[in-house]
Amino acid sequence: MDTISHCLAAVKARIAQAADLAGRQTATIHLLAVSKTKPSTDIRAAYAAGQCAFGENYLQEALEKMAQLADLPLEWHFIGPIQSNKTRFLAEHFAWVHSVDRLKIAERLSAQRPSHLPPLQICLQVNISQEASKQGCDPSAVSLLAQQVHQLPNLQLRGLMAIPAPSTDVNEQRRAFRAVRELLEALQQQGLPVDTLSMGMSDDLEAAIAEGATWVRVGSYIFGARR
Ligand SMILES: *Cc1c(COP(=O)(O)O)cnc(C)c1O
């Protein structure tokens with residue numbers, strides 16, 4: 001428990017330092033605590049240390065933890081691959097989905113979003129390093145997909161998410177994150193009201209913040225290595 005609050009404080013210090021270096025306000029950068037594979041007791045400990053937003057990749061696991069943590073006012077973000085037969089659960093239980101990469105998924109999420117909930121907050125996942133194995137739409141397809149998702153009534157398109165190919169070279173990390181930022185700027189120039197760059201994880205959040213990240217998604221640095 002102690003460890004989690006200590007690590008949360010350490011990651012916030014990293015965020016603040018990276019923001020300073022980039023000449024940005026720390027408050028413009030949000031921390032998503034990625035709790036996949038970790039027990040609900042870890043989430044409780046992070047909440048006790050002031051963390052409210054949690055990211056999960058696997059639907060069944062997320063639903064179990066939500067039930068165990070129903071007494072807490074947590075904000076749940078889905079960041080994993082989406083199967084179209086699972087969209088109803090995402091629409092009903094999450095505040096954000098960062099990993100939308102095709103129109104069919106967005107249409108289903110919009111149709112299935114319960115009317116008593118606010119619009120589902122959406123990021124489009126971009127396969128920025130164009131890896132064959134990766135989720136995400138091709139960078140060349142982002143503009144059209146964004147226009148289409150923006151039209152859907154029960155979704156609010158917020159911006160872009162990406163997981164670049166891992167690199168230990170900071171310049172290479174920054175190049176990939178910069179490409180995502182440029183895609184977001186192109187959407188803004190088309191008149192879309194997008195403001196979100198979901199990028200940066202435990203090992204590359206400084207580079208992401210230098211290039212404009214507004215959500216960093218941090219798992220192992222807070223909760224420890226996963227199995
Ligand atoms: C697991 C995961 C993270 C967190 O990764 P860490 O390296 O543990 O910080 C962030 N984003 C996505 C989409 C993930 O799947």
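Start with the shell around the ligand: by class it has five nonpolar, four polar and three charged residues. Keep in mind as you click around that this is a predicted model.

To see that shell, select Val34, Lys36, Asn57, Ile79, Ile163, Met201, Ser202, Arg217, Val218, Gly219, Ser220 and Arg226. Now zoom in on the ligand's oxygen atoms. Lys36 puts a polar side-chain atom 2.7 Å from a ligand oxygen. Next, show the backbone of Gly219, where an N or O atom lies 2.8 Å from an oxygen atom of the ligand. Ser220 also has a backbone N or O atom 2.8 Å from a ligand oxygen. Taken alone, the ligand exposes 390 Å², and the protein buries 90% of that.

Which pocket are you looking at? The ligand takes up the space of the largest pocket. Of the 27 lining residues, Lys36, Ile163, Met201, Arg217 and Arg226 are the closest to the pocket's centre. Colour the lining by class and you'll get 11 nonpolar, 10 polar and six charged residues. Then highlight α7 (170-189) and β8 (215-218), each of which supplies at least two residues of that lining.

Next stop: the second largest pocket, with about 160 Å³ of space. Select Glu75, Trp76, Glu92, His93, Phe94, Ala95, Trp96, Arg113, Leu117, Pro118, Pro119 and Gln121 to bring up its lining. Here the classes split into seven nonpolar, two polar and three charged.

Methods:
Residues numbered from 1 in each chain as written. Predicted model: local features only at pLDDT ≥ 70, side-chain atom pairs only at ≥ 80, totals over all residues. Heavy atoms only, no water. 1 Å grid on protein atoms, 1.4 Å probe; cavity = no way out; pocket = protein on both sides within 12 Å on 5 of 7 lines; lining within 4 Å. Helix = DSSP H or I, 4+ residues; strand = E, 2+ residues; numbered from the N terminus. Nonpolar A, V, L, I, M, F, W, Y, C, P; charged D, E, K, R; others polar. Points joined across faces, edges and corners; volume = space filled by probe spheres on them. Near = heavy atom within 4 Å. Polar contact = N/O pair within 3.5 Å; in protein donor to acceptor, adjacent residues only side chain to side chain. Areas by Shrake-Rupley, 256 points an atom, 1.4 Å probe, with all protein chains shown as cover. Sits in = over half its atoms within 2 Å of the grid points.
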